[in-house]
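Dear colleague,

Please find below the structure that I am handing over to you, with its sequence. My notes on what was found in it follow directly after.

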Amino acid sequence: MERIRFEDGTILYIEDIVLAKLFKYLQRSSTSKEAGGILFGKQAKGREEYYLCDVSEPSHMDKRGRFSFVRNKVSAQRIINKKWDESNGIENYLGEWHSHPENRPTPSHIDRSLIRQVIRDGTNAFKKVFLIIVGKDQSLYIGVADSETSHEIYTSQIRSFI
């Protein structure tokens, strides 16, 4: 399990199974398409500690391009509902993930807009929303936004797992 500590004190624990799933979608060839999905997890009661327990993988209904990924909202909501039910209301939506065809990935304007939209719509179960971008060199951009203080990803880390 990986432990990420952000500047604001938030801690994110990432299960090894999550890393294995994410690294299945490295865009190493010039024809690889972006992949993405949803982050699922839970929060430690009374603490700013989050556990990333699982991620959804791309569905056939998602739109994948070399430099773009758009997940299908209907299939994503079904997955969220199923995860909620299976965990007896413990695990829920923690954020988004997708791949980039670059080393040491960084969020695009569209990525930042997506996180602002998630926070503004107010449907996230937790105060924090996370964004993970998988680089082709097995590095991860890991960002967090706080829905109570900002609509921006204000703290991030890039971790290499080579």
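The side chain of lysine 128 makes a polar contact with the side chain of glutamate 48, at 3.3 Å. Please note that this is a predicted model. The side chain of lysine 128 also makes a polar contact with that of threonine 10, at 2.3 Å. Lysine 128 belongs to strand 8. Is lysine 128 buried or exposed? Its relative accessible area is 3%, and lysine 128 is therefore buried, the cut-off for that term being under 20%.

The strands around strand 2

Strand 2 pairs with two strands for which I have details. With strand 1 (residues 2–5), the pairing is antiparallel and runs over four bridges. Within this pair, arginine 3 stands opposite tyrosine 13 of strand 2, and isoleucine 4 has leucine 12 of strand 2 as its bridge partner. The two strands form a hairpin with five residues between them. Glycine 9, in the turn of that hairpin, has a positive phi of about 95°.

Strand 2 and strand 4, by contrast, run parallel and are joined by four bridges. Here isoleucine 11 has glutamate 49 in strand 4 as its bridge partner.

As for the side chains of strand 2, Ile11 and Tyr13 point one way, while Leu12 and Ile14 point the other way. All four of these residues are buried. In a regular strand, side chains alternate between the two faces of the sheet.

The nonpolar cores

The largest nonpolar core has 24 residues. Which residues have the most contacts inside it? They are Leu12, Leu52, Trp97 and Ile132. The elements that give two or more residues to this core are strand 2 (11–14), helix 1 (16–22), strand 4 (49–55), strand 7 (92–99), strand 8 (128–134) and strand 9 (139–146).

Leaving aside its neighbours within four places in sequence, tryptophan 97 is in contact with Leu22, Tyr25, Ala35, Gly36, Gly37, Ile38, Leu39, Val55, Ser56, Pro58, Ile132 and Val134.

Helix 2 (73–86) has 14 residues and reaches 20 Å from its first C-alpha to its last, close to the 20 Å expected at 1.5 Å a residue. At the start of the helix, a side-chain oxygen of asparagine 72 comes to within 3.0 Å of the backbone nitrogen of valine 74.

Which residues of helix 2 are buried? They are Ser75, Ala76, Ile80 and Lys83. Seen down the helix axis, these buried residues fall within an arc of 140°, so they line one face of helix 2. What covers them includes strand 3 (36–43), strand 4 and strand 7. On the other side of the helix, Arg78, Lys82 and Asp85 are exposed.

Two residues in the loop between helix 2 and strand 7 deserve attention: serine 87 and asparagine 88. Serine 87 counts as buried because its relative accessibility is 13%. A polar atom of the serine 87 side chain lies 3.3 Å from the backbone oxygen of tryptophan 84. Asparagine 88, on the other hand, has a relative accessible area of 71% and is therefore exposed. Phi of asparagine 88 is near 55°, a positive value in a residue other than glycine.

Other loop residues

Most residues other than glycine have a negative phi. Arginine 104 has a positive phi of about 45° although it is not a glycine. Arginine 104 is located in the loop between strand 7 and helix 3 (109–121).

Finally, serine 30 lies in the loop between helix 1 and strand 3. With a relative accessibility of 63%, serine 30 counts as exposed, since the cut-off for that term is over 50%. How far apart are serine 30 and isoleucine 115 in sequence, and what is the C-alpha to C-alpha distance in space? Serine 30 and isoleucine 115 are 85 residues apart in sequence and 28 Å apart in space.

With kind regards

Technical notes:
Residues are numbered from 1 along each chain as its sequence is written. This is a predicted model: local features need pLDDT of at least 70, side-chain atom pairs count only at pLDDT 80 or more; totals for chains, interfaces and linings use all residues. Side-chain values use heavy atoms; hydrogens and water are left out. A nonpolar core is a set of buried Ala, Val, Leu, Ile, Met, Phe, Trp, Tyr and Cys residues joined through side-chain atoms within 4.5 Å. Buried means under 20% relative accessible area, exposed over 50%, partly exposed in between (1.4 Å probe, protein chains only). Contact means heavy atoms within 4.5 Å. Two strands pair if DSSP finds at least two bridges between them. A polar contact is a pair of N or O atoms within 3.5 Å; within protein, one must be able to donate a hydrogen and the other to accept it, and residues adjacent in sequence count only if both atoms are side-chain atoms. The expected span of a helix is 1.5 Å times one less than its number of residues. The arc is that of the directions from the helix axis to the C-beta atoms.
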